[in-house]
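Subject: Structure handover

Hello,

Here is the structure you asked about. Please open it and keep it beside this email as you read.

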Amino acid sequence: MQLLEKGLEYTLEIVKFYIVFRCFFKMQRREWKWRYILTFLILLIYFIYEMYIYENSLFIYLIFIIAEMELLFQNNAIKIISISFWVAIIIGVFDKMSEIIIWAFEDIVNNNNINIVFVSSIVTIVVEMILGKISMKRNGNEIIQMNLKYFIFFLILGLAYSYILGCLELILQNVRFDRYMHLNVILTGLVMYIHMVTLIELAISRDYYKEKDSFNRYLLEMLKGQYQYLEKKDKDIRDFRHDIKEHMMSIQEYCDTQNYKKLNEYMKQINGKLHINKKRVTVYNQIVDMILNQYIYQSEDMGVRLSIQGQMSENCLVEPYDLCVIFANLLKNGIEAAKNSEKKQIDLMIGYEDDIMMIRMKNDYQGKRRKKDGEYISTKSDIENHGIGIGNIRACVEKYHGKLEMREENGKFLTTVIIPIE
């Protein structure tokens, strides 16, 4: 029976970490077929070590958790180690608070059959799932980018709580309390529990609204750019109208002298001045139109030809924020790759059929694409930061149960996004 309880206890430890890594940090799972078998083998090795060789080694426990998370998730090893250490402290605090509350409750009801460690793990998992549900309801499947100062704050708070709870546990073990004191201990534990949960939720909420504010500022900047372009276009047209007599006389002169080469050059200058060659693209979605036209100007500045075809469905239910994340990151990555290529061409096709929206982008690129665990990653040296764009696209697509595909095809890089829109 003891072996079974220990086995369940260690399994629950993995579950606690897995929920945090997956629900809060949206880490990508590995696609290895054997990862769960290897995870079980490491669990078995740790189980034997704890049971028969050395008990309660914090260092070995951390190595065990890091090894398990490294097997299950494909992110950078340093990131997994750092987060594992941070999560271990936070989960340890929740477990200890649960143990003290359960211990006090057990004394009140005179029940000595409760496995405190096992029940406290279950309580922690339930709390994690509730926080995860709240987070996913607010953020969807987007990656939570909690500010570094919050990680440091919760690290210090967790260590402080661990010290307080350790002292409280020593007092409880050496002093007998009456029923009312046990109730006070339960209330104190619950207040600490609620305090920790509330702070974590507030930290996530603050960063979420900060990200939304950043998105709104981004839209305002694009609107400002669009307004400045239209203002310049209007001014150029007014200037042309003011000088139209002189322009007509120049055109007449080139016609009379049959100097068609000069006439052609002059007409190109007029077309450029009137922005005739700069046609505004529309796919019949206000947000997407704004993004596409903004990146058309950016691609021109970088010498990249951006061709856009198709239109959006009128019944598209994808939120504006998600549309912005998908199109902005697609085009940003595409332009970045194409500007260093030989042909510098990007073809973007947008279409829909029944209840499916499809976005297909084909861009030129230079060099060799890199893969890790079957997924394409950034070719830049700063993979952690430059990989966020692809991760955010994938998160938005998964939010609507869609599909993201990336592959190389005939010397071009093809990205396909398929999303149910109704």
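Is Phe25 buried or exposed? Phe25 is buried, because its relative accessible area is 13% and the cut-off for buried is under 20%. Look for Phe25 in the loop between α1 and α2 (35-53). Then find Ile83. Phe25 and Ile83 are 58 residues apart along the chain, and their C-alpha atoms are separated by 9.3 Å.

One caution before the rest: this is a predicted model.

**The whole protein**

The protein has 13 helices and seven strands. It has 422 residues, and buried residues make up 43% of them.

**Aromatic pairs**

How many aromatic pairs does the structure hold? It holds eight. One of them is Phe21 with Phe73, and this pair is stacked. The centres are 5.5 Å apart, with 20° between the planes. Phe21 lies in helix α1 (residues 2-24), while Phe73 lies in the loop between α3 (58-72) and α4 (77-108). These parts are 52 residues apart in sequence, so the pair ties them together. Phe21 is buried, at a relative accessible area of 0%. Phe73 counts as buried too, at 0% relative accessibility.

Next, look at Tyr365 and Phe413. Their ring centres are 6.3 Å apart and their planes sit at 85°, so this pair is edge-to-face. Tyr365 is in the loop between β3 (356-363) and β4 (370-372). Phe413 is in strand β7 (residues 412-420).

**Helices α2 and α3**

The axes of α2 and α3 come within 9 Å. They cross at roughly 175°. Why are they called roughly antiparallel? Angles over 145 degrees count as roughly antiparallel, and therefore α2 and α3 fall in that group.

Which residues meet here? From α2 come Arg35, Tyr36, Leu38, Thr39, Ile42, Leu43, Tyr46 and Tyr49. From α3 come Ile60, Tyr61, Phe64, Ala67, Glu68, Leu71 and Leu72. By class, this contact of α2 with α3 has twelve nonpolar, one polar and two charged residues.

**Helices α10 and α11**

Now move to helix α10 (residues 286-301) and helix α11 (residues 320-338). Their axes come within 9 Å and cross at roughly 15°. Angles under 35 degrees count as roughly parallel, and therefore α10 and α11 are roughly parallel to each other. Is the crossing left-handed or right-handed? The crossing of α10 and α11 is right-handed.

On the α10 side, the contact is made by Ile287, Val288, Ile291, Leu292, Tyr295 and Ser299. On the α11 side, it is made by Pro320, Leu323, Cys324, Phe327, Ala328, Leu331, Lys332 and Ile335. By class, the contact of α10 with α11 has twelve nonpolar, one polar and one charged residues.

Best wishes

Note on methods:
Residues numbered from 1 in each chain as written. Predicted model: local features only at pLDDT ≥ 70, side-chain atom pairs only at ≥ 80, totals over all residues. Heavy atoms only, no water. Phe/Tyr/Trp six-rings, centres within 6.5 Å; stacked < 30°, edge-to-face > 60°. Helix = DSSP H or I, 4+ residues; strand = E, 2+ residues; numbered from the N terminus. Buried < 20%, exposed > 50% of the residue type's maximum accessible area, 1.4 Å probe, protein only. Axes fitted to C-alpha atoms, helices over the stretch in contact; angles between N-to-C directions. Parallel < 35°, antiparallel > 145°, perpendicular 65-115°, else oblique. Left-handed = near helix turned anticlockwise from the far one by under 90°. Contact = heavy atoms within 4.5 Å. Nonpolar A, V, L, I, M, F, W, Y, C, P; charged D, E, K, R; others polar.
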